Amino acid sequence: YLKTVHGGLLLSTPNVIAFTQDHIEEFLEDGEIRYRTPLGTEIRLSEGNGDGLGTKGKTVFPVTEGFRGFMKDGKFGFRDDQGRIRVANRYDSIAPFSSGLAAVKLMGKWGFVDSRDKLIIQPFFDKPSMFKGEYAIVRRNGKLGIIDRSGRVTLKTEYDEIVPSDRETCYRIRKGKFYGIASDAGKILIDPRFELAEPTGNGQV
């Protein structure tokens, strides 16, 4: 009753129902990759080498950009695809690598580390998204903004919602009840003054 999921082992539910990868939804919560069924039931996971269950309830991280998260002595780090430690387990939580950087949590705040174990962006944010190219969405003091790979804030953390567009390299932003549009570099293209704003493609909104 075990199925391989992103290189880890899926622990069956109490009624011994095993789920295949196609029936599992991956989601990010507090920097940790977790899994649930399409109905929303969270599935507990276990790391192992194929001959046992390992430690019950341990998060199994997917391999991204050649790195997999691990936990030892209550702290998180990253190993490469050969099992060598590349980012020491010194963090309280982590998120997978994306565009060469991984979000890491230290003393209640989030920053970003690179694959050489260098803390590129100091822990300063309440919660980040993963980098997509040059930019990432971050939360600070309950508000959202955008940073670049150096940690420079390109869009001030003063918005209630920032949603990447799947049609254009831009974001829908919301401040209070009103919507606007910002570029992927954080430049305001349309001030948030409309009840609805959505990129429709070809540079049109």
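Where is the place of Met 107? Met 107 sits in the loop between strand 11 (101-106) and strand 12, where strands (E, at least two residues) and helices (H or I, at least four residues) are DSSP runs numbered from the N terminus. The model is a predicted one, in which local features need pLDDT of at least 70 and side-chain atom pairs count only at pLDDT 80 or more, while totals for chains, interfaces and linings use all residues. Residues are numbered from 1 along each chain as its sequence is written, and side-chain values use heavy atoms, with hydrogens and water left out.

The protein chain has zero helices and 21 strands. Of its 205 residues, 39% count as buried, a term that stands for under 20% relative accessible area, with exposed meaning over 50% and partly exposed lying in between (1.4 Å probe, protein chains only). The protein chain exposes about 11500 Å², of which carbon and sulfur atoms supply 48%; the accessible areas come from the Shrake-Rupley method with a 1.4 Å probe, and for residues only the protein chains shown count as cover. Among the contacts in the protein chain with a separation of 6 or more, 27% are made by residues 24 or more positions apart, a contact being defined by heavy atoms within 4.5 Å.

One part of the fold is an open sheet of four strands in the order 14-15-16-17, with antiparallel pairing. Strand 14 (127-128) and strand 17 (153-159) stand at its edges with a single partner strand each, so one side of each is left without a neighbour in the sheet. Two strands are taken to pair if DSSP finds at least two bridges between them, and strand 15 (residues 135-140) is joined to strand 16 (residues 143-148) by six bridges in the antiparallel sense. Within this pairing, Tyr 135 has Asp 148 of strand 16 as its bridge partner. Asn 141 lies in the loop between strand 15 and strand 16 and has a phi near 55°, a positive value in a residue other than glycine. Most residues other than glycine have a negative phi. Asn 141 counts as exposed because its relative accessibility is 60%. Met 107 likewise has a positive phi near 55° without being glycine, and at 77% relative accessibility Met 107 counts as exposed.

Strand 19 (residues 170-175) and strand 20 run antiparallel and are paired over six bridges, whereas strand 20 and strand 21 (residues 188-194) are paired in the antiparallel sense over three bridges. Strand 20 is mostly covered, with five of its six residues buried. The hairpin of strand 19 and strand 20 has two residues between the strands, and in it Gly 176 takes a positive phi near 70°; the hairpin of strand 20 and strand 21 has four residues between the strands, and there Gly 186 takes a positive phi near 90°. Tyr 179 stands opposite Phe 194 in strand 21, while Tyr 171 stands opposite Ala 182 in strand 20.

Ala 182 counts as buried because its relative accessibility is 0%. The C-alpha atoms of Ala 182 and Pro 164, which are 18 residues apart along the chain, are separated by 9.5 Å.

The whole structure contains 11 salt bridges, each defined as a side-chain nitrogen of Lys or Arg within 4 Å of a carboxyl oxygen of Asp or Glu. Lys 143 and Asp 160 meet through their side chains in one of them (2.4 Å, N to O). This pair links distant parts of the chain, with Lys 143 in strand 16 and Asp 160 in the loop between strand 17 and strand 18 (161-164), 17 residues apart. Lys 143 is partly exposed at a relative accessible area of 30%, and Asp 160 is partly exposed at 26%.

Another salt bridge joins Arg 90 to Asp 117, with the closest N and O atoms 2.7 Å apart. Here too the pair links distant parts of the chain, since Arg 90 belongs to strand 9 (residues 85-91) and Asp 117 to the loop between strand 12 (109-114) and strand 13 (119-125), 27 residues apart.
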